[in-house]
Amino acid sequence: MTETNAADPENTLILEIEHGTVTIALRPDLAPKHVDQIKTLARQGFYDNVPFHRVIEGFMAQGGDPTGTGRGGSELPDIEAEFSSPQTARFLRGTCGMARTSDPNSANSQFFIMFAPAPSLDGQYTIWGQVTSGMDAIDKIKRGAGMSGMVPEPDRIKSMKVAADAA
């Protein structure tokens, strides 16, 4: 991550969850189309009150589906894959990636935040951001059950805003 990204309010998200505030540095250098889509949806209030519907201990917390089923998305078009080579960016603790179906070009609004590294995702999913503060709040998100990680009565996003708009 570059220093300019870290200090750029236009490329910083403020995620409010019941456990605290999470700051995410966006990575338009890796995934400009995904970053634009996330910012557009955040500015529309799309993510407000949306659940973390799939949360797997030691892996990740997934949200961004207002239906909470893992099948929902926004009215915006799906985004073409913007995969990074593992030499450029990897899925590490705090990495924000875009969820998709088996079609690499099916990302829309669902995203996930990594609890731990997952080399199997490197080069297979789009990386669009990195948590820079508040991972302690992410660590407290209610976990799901079984292999699916589906969460009954899940924690919800209170709000997600572009830092430039939150001031």
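Two strands pair if DSSP finds at least two bridges between them. Helices (H or I, at least four residues) and strands (E, at least two) are themselves DSSP runs, numbered from the N terminus. This is a predicted model, in which local features need pLDDT of at least 70, side-chain atom pairs count only at pLDDT 80 or more, and totals for chains, interfaces and linings use all residues. Residues are numbered from 1 along each chain as its sequence is written, and side-chain values use heavy atoms, with hydrogens and water left out.

Reader: Let me start simply: how many helices and strands does the chain have?
Author: Good place to begin! From the N terminus on, the elements run α-β-β-α-β-β-β-β-β-α-β-α. Counted by type, that gives 4 helices and 8 strands.

Reader: How many bridges join β5 to β6, and which way do the two strands run?
Author: One place to look is G97, which stands opposite F112 in β6. There are 3 bridges between β5 and β6, and the two strands run antiparallel.

Reader: And which residue in β6 is the bridge partner of M60?
Author: Here we turn to β4 and β6, which are joined by 4 bridges and run antiparallel. The partner of M60 in β6 is M114.

Reader: Which residues of β6 are buried on its two sides?
Author: In a regular strand the side chains alternate between the two faces of the sheet. Buried means under 20% relative accessible area, exposed over 50%, and partly exposed in between (1.4 Å probe, protein chains only). Both faces of β6 are covered, with buried residues F111 and I113 on one side, and F112 and M114 on the other.

Reader: Which residues have the most contacts inside the largest nonpolar core?
Author: A nonpolar core is a set of buried Ala, Val, Leu, Ile, Met, Phe, Trp, Tyr and Cys residues joined through side-chain atoms within 4.5 Å. The largest one has 33 residues, and those with the most contacts inside it are L15 and W128.

Reader: Which element gives the most to this core?
Author: Among the elements that give two or more residues to this core are β1, β5, β6 and β7. The one that gives the most, with 4 residues, is α2.

Reader: What about the second core: which residues does it include?
Author: This core is separate and has 11 residues. Its members include M60, A89, F112 and I127.

Reader: How many salt bridges does a search of the whole structure find?
Author: Side chains of opposite charge can pair when their charged atoms come close. A salt bridge is a side-chain nitrogen of Lys or Arg within 4 Å of a carboxyl oxygen of Asp or Glu. By that rule, the search of the whole structure finds 7.

Reader: How far apart are the closest N and O atoms of R43 and E10?
Author: R43 sits in helix α2 and E10 in the loop between α1 and β1, 33 residues apart, so the pair links distant parts of the chain. Both are partly exposed: R43 has a relative accessible area of 40%, and E10 has 29%. Their closest N and O atoms are 2.8 Å apart.
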